[in-house]
Amino acid sequence: MKTVRISLNSIDKVKSFVNDLTKFDTDFDLVSGRYVIDAKSIMGIFSLDLSKPIDLNIHSENEVDEIIKVLSPYIVD
C-alpha cells in the first residue's frame with residue numbers, strides 16, 4: 001500500500017479524479033481525520049472536508065508507478 005496527499009478543491013477536479021481512478025482495477029481509500037471512504041465514490045468524496053489536502057491510500061503493489069503518473073495533477077507535497 002502507498003499513501004499520497006491529494007487536493008480536490010473543485011467539483012470538476014473530483015469528477016476527473018474519480019474517472020481516472022475507475023481506469024484501475026484496484027482499491028483506493030480517502031482518509032480525512034477518522035473518516036475512511038471509497039475513493040471511487042463521488043458521493044463519499046463530497047462528504048469529506050475538501051478545503052485541505054487529504055490522504056489517498058492506494059492498495060496496489062504492481063501498478064503504483066502508473067497510478068501515481070495518472071494522479072500527478074492531484075498530488076500535493
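User: Quick one to start: is Ser41 buried, partly exposed or exposed?

Analyst: Ser41 counts as partly exposed, because its relative accessibility is 27%, and the cut-offs are under 20% for buried and over 50% for exposed. Keep in mind that this is a predicted model.

User: Where does Ser41 sit?

Analyst: In the loop between strand 3 (35-38) and helix 2 (42-46).

User: And which backbone nitrogen lies 2.9 Å from a polar atom of its side chain?

Analyst: That's the one of Gly44.

User: Switching to aromatics. How many aromatic pairs does a search of the whole structure find?

Analyst: One. Phe17 and Tyr74 make an edge-to-face pair, at 5.3 Å centre to centre and with 75 degrees between the planes.

User: What parts of the chain does the pair link?

Analyst: Distant ones: Phe17 belongs to helix 1 and Tyr74 to the segment after helix 3, 57 residues apart.

User: Are those two buried or exposed?

Analyst: Phe17 is buried, at 0% relative accessibility. Tyr74 is buried too, with a relative accessible area of 5%.

User: OK, helix 3. Which residues in it are buried?

Analyst: Val64, Ile67 and Leu71, in a helix that covers residues 64-71. Down the helix axis, the buried residues fall within an arc of 65 degrees, so they line one face of helix 3.

User: What's exposed on the other side?

Analyst: Asp65 and Lys69.

User: And what do the buried ones pack against?

Analyst: Strand 1 (2-6), helix 1 (11-21), strand 2 (27-32) and strand 4 (54-59).

Technical notes
Residues are numbered from 1 along each chain as its sequence is written. This is a predicted model: local features need pLDDT of at least 70, side-chain atom pairs count only at pLDDT 80 or more; totals for chains, interfaces and linings use all residues. Side-chain values use heavy atoms; hydrogens and water are left out. Buried means under 20% relative accessible area, exposed over 50%, partly exposed in between (1.4 Å probe, protein chains only). Helices (H or I, at least four residues) and strands (E, at least two) are DSSP runs, numbered from the N terminus. The arc is that of the directions from the helix axis to the C-beta atoms. Contact means heavy atoms within 4.5 Å. Rings of Phe, Tyr and Trp (its six-membered ring) pair if their centres lie within 6.5 Å; planes under 30 degrees apart count as stacked, over 60 as edge-to-face and the rest as tilted. A polar contact is a pair of N or O atoms within 3.5 Å; within protein, one must be able to donate a hydrogen and the other to accept it, and residues adjacent in sequence count only if both atoms are side-chain atoms.
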